[in-house]
Amino acid sequence: MSTLPRTGHGQPAPTGHGRPPVAEPAQPLRHLAPNWFAVVMGTGIVGNAAATLPLRVPGLHAAATAVWALAALLLLTLLGAWALHWRRYPDSARGHGSNPVMMQFYGALPMALLTVGAGALMLGKDVIGLGAALTLDWVLWSAGTLIGLITAAAIPYRMITRHRFDADSAFGGWLMPVVPPMVSAATGALLIPHLPAGQARLTMFFACLAMFGLSLIAAIVMITLIWSRLLHHGLPAAGMVATVWLVLGPLGQSVTAAGMLAAAAPTALPDRDSAGMDVFSLVFGVPTWGFAMLWLALAVAVTAHARKSMPFNLTWWGFTFPLGTCVTGSSVLFAHTGADLFAVIAVALYALLVASWGVVATRTVRGLLNGELLAPAR
């Protein structure tokens, strides 16, 4: 998009021929990118995390259900807008898959589908009924899982075969393509009891456990690269500082997935294996939760350090979903241990999540209204 000289009042200046130039028509959909699905993820987790809290506050469930409905509406709107984007601007849409930064955010689409699907079963069933909620969750879980498995394999493949990365290239966004299978593992656990007993439940359980391992090991590799990048090269550019928070996503989600699979294990596994899964959820979950709290402290510190130079952009949604997974992880640990420590942390982190979502959502609406968020990258 060409830029026009402007007068002091922000109006286009006359051209050399004495006539004002013809303004380019607004094309907001041209610059729509897959990172917009992070809005759905960040909104949906506010509702889903509330449903797991050990604290029961009057009106909280109703508010969480309303947030889930908002996330579902946002998902439907974005899916329609993205379909139009592919139809009208196919070259621009394909370009996102070739961009070494933007292609990472293809992982946001499956996680948005999985988040809304899980919310249907946790919250939406009180509005649309259990049967409809189950159907909706199965459709969204199936689609999100398939797309997530594709991104987990295809995006690293493209990174390996089509791009060369410098030592300081690693950033939190590299986790986005490999985390969706972990979200599938956690949300799939909700569906296990609704399957016929026997092989159907057994297959679903081990499929979720395999996706847990797939995502966990890939995330550990990526987190090591990100930690090394931060130590050797310092913080990323000001506009990317918020991506440091994305490391919390696989940490909190893995704790959540281990706990939820342990809770579903008695419906699918023999007693001995079920008991072993319960032990694993604690032996794995508590140490991983401890590292997540360390990373949370680092993320808060580096954000405070860089706050004055951080421009608002969609990476700020990284303050929401990853933090929400720490809420659900803490709640799951409380459910398995009864330790008040996890309940207190879950409630405190949820308060931080709601505050973060309020700030980021407000700034996003403002950016949409003034056109900044749908303008071409500068």
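Which helices each supply at least two residues of the nonpolar patch? In this predicted model, the two are helix H7, spanning 199–233, and helix H9, spanning 271–306.

Salt bridges were examined next. The structure holds 2 of them. One joins Asp-91 to Arg-94, with the closest N and O atoms 2.7 Å apart. Both residues belong to helix H3, which runs over residues 90–98, and because they are 3 residues apart in this helix, about one helical turn separates them. Asp-91 counts as exposed because its relative accessibility is 59%, and the limit for that class is over 50%. Arg-94, by contrast, has a relative accessible area of 47% and is therefore partly exposed.

Another salt bridge links Asp-273 with Arg-272, and here the closest N and O atoms are 3.5 Å apart. This distance still meets the criterion for a salt bridge because the cut-off is 4 Å. Arg-272 has a relative accessible area of 70% and is therefore exposed. For Asp-273 the relative accessible area is 33%, so this residue is partly exposed.

The confidence of the prediction was also examined. The chain has a mean pLDDT of 91, and 92% of its residues reach 70 or more. Among the elements of the chain, the highest mean pLDDT, 98, belongs to helix H6 (residues 180–188), while the lowest, 90, belongs to H3. H3 is also the helix that holds Asp-91 and Arg-94. Over residues 1–18, however, the pLDDT is below 50, and this stretch has 17 contacts in the model beyond near neighbours in sequence. The pLDDT also stays under 50 over residues 20–25, for which the model has 7 contacts beyond four places in sequence. Where pLDDT is low, predicted coordinates should not be read in detail. That caution applies to the contacts of residues 1–18, where pLDDT is below 50, and to those of residues 20–25, where pLDDT stays under 50.

Terms used:
Residues numbered from 1 in each chain as written. Predicted model: local features only at pLDDT ≥ 70, side-chain atom pairs only at ≥ 80, totals over all residues. Heavy atoms only, no water. Helix = DSSP H or I, 4+ residues; strand = E, 2+ residues; numbered from the N terminus. Salt bridge = Lys/Arg side-chain N within 4 Å of Asp/Glu carboxyl O. Buried < 20%, exposed > 50% of the residue type's maximum accessible area, 1.4 Å probe, protein only. pLDDT = per-residue confidence, 0-100. Contact = heavy atoms within 4.5 Å.
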